[in-house]
Amino acid sequence: MTTPLARLLMDRIAAAGPLTVADFMTECLLHPEHGYYTTRPPFGAEGDFITAPEISQMFGELIGLSLAQVWMDQDRPAPFVLAELGPGRGTLMADVLRATKSVPGFHAAAQVVFVEASPALRAEQAQRVPGATWVGTVAELPAGPLYVVANEFFDALPIRQFQRAGRGWSERVVAVRDGGLRFALAPPAPVPALATRLADTCDGDIVEFCPMAAPIVTTLATQIAQQGGAALFVDYGNWAGTGDTLQALADHAPVDPLATPGTADITAHVDFAALAAAAAPRMASAMVPQGVVLERWGITQRAQTLARSMSGTALESHIAAHRRLTHPDEMGLLFKMLAMTPPGRAGWPGLEPWTPEPPTAA
């Protein structure tokens, strides 16, 4: 099936040449008339994917309690900015606020700010978090101590893909061939941004680079280092990984990213090493799998407490949600957490360095 956006992209390529993967992602997600985010609700059962806050209230509650601990460890600054990047329907922040309502002084000091451009999502967020305010970019966040949460935000930022070719890189682009959109390779050339990746890659390896991520992290890290605060990033990805991770979802199932542009959510794995480098030398913590952090925060004990008042289908769903968030075969290992705190201050609890356990002998 050829979509209206596919026809527009093929016309653009015919006139101006192949698109970078980043340009292709941008058009697929944000085209004003045919973009995925501008034409449909992407979240929840009626959308194409379900994020961790929608799976269980425990996720947002535990983030909220750990965030409150960071705030207390930093001498309870007041007022402070409590910001979320890409807040979806506002579910995560609503859970954070519910979990922290009994923390003395926390709500009175917090100014909730969402970094969100979509008018439709802003309307949903306003229903779940009355009193919130909005900005379009991190550069517009108010001055002051800044506490930030970003869950599945960086994975949707457009990436560029490069294939190692000797001491240079061939950019992977989207071209037109055989009447449809196809991947192709541009001629090899040096890529200064990937100079450090020559040491850990071989010919033919694909490396992904997100041009938008580093400036966002640097902006946040600078404000936090100068004025106080902390940031927690949660997403799926790895530390300086390789390979093609571009993926598309429609109706909760994987689809070909090039097949029906504008009708599927397109994301890529996050390079947590690049996020940490953008924060350095200001701050950064170890990258720790989501399941490990949630267990350190006591998710199993919280799940058992909630389960006491459940039975039947509700209990089965609750048990499944706990497994989905924490089990290594589900979100527990694929999703990672990375926190930023100012130099010389306590780190984010639960984000202490982690070493994988060796495999058990058969």
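1. The model is predicted. The partner strand is S10 (residues 229-238), which runs antiparallel to S16 and is joined to it by six bridges.

2. Strand S16 also pairs with strand S15 (residues 288-289), again in antiparallel fashion, through two bridges. In this pairing, Val 288 lies opposite Met 337 of S16.

3. How many of the six residues of S16 are buried? Six of the six residues in S16 (residues 335-340) are buried, so the strand is largely enclosed by the rest of the structure. In a regular strand, side chains alternate between the two faces of the sheet. Here Phe 335, Met 337 and Ala 339 point one way from S16, while Lys 336, Leu 338 and Met 340 point the other way, and all are buried. The buried set therefore includes Lys 336, as its relative accessible area must be under 20%.

4. The largest nonpolar core comprises 55 residues, of which Phe 154, Leu 220, Phe 233 and Met 340 touch the most other members. Helix H9 (residues 213-227) gives the most to this core, namely six residues.

5. In soluble globular proteins, nonpolar side chains tend to be buried together.

6. Most residues other than glycine have a negative phi, and most peptide bonds are trans. The bond joining Ala 78 and Pro 79 is cis, with omega about -5°. Pro 79 belongs to the loop between helix H5 (57-73) and strand S2 (80-85).

7. Asp 178, which is not a glycine, has a positive phi of about 55°. This residue is in the loop between strand S7 (168-177) and strand S8 (180-185). Asp 178 counts as exposed because its relative accessibility is 70%.

8. Ala 240 likewise has a positive phi, near 50°, in a residue other than glycine. Ala 240 is placed in the loop between S10 and strand S11 (247-250). With a relative accessibility of 23%, Ala 240 counts as partly exposed.

Key
Residues are numbered from 1 along each chain as its sequence is written. This is a predicted model: local features need pLDDT of at least 70, side-chain atom pairs count only at pLDDT 80 or more; totals for chains, interfaces and linings use all residues. Side-chain values use heavy atoms; hydrogens and water are left out. A nonpolar core is a set of buried Ala, Val, Leu, Ile, Met, Phe, Trp, Tyr and Cys residues joined through side-chain atoms within 4.5 Å. Buried means under 20% relative accessible area, exposed over 50%, partly exposed in between (1.4 Å probe, protein chains only). Helices (H or I, at least four residues) and strands (E, at least two) are DSSP runs, numbered from the N terminus. Two strands pair if DSSP finds at least two bridges between them.
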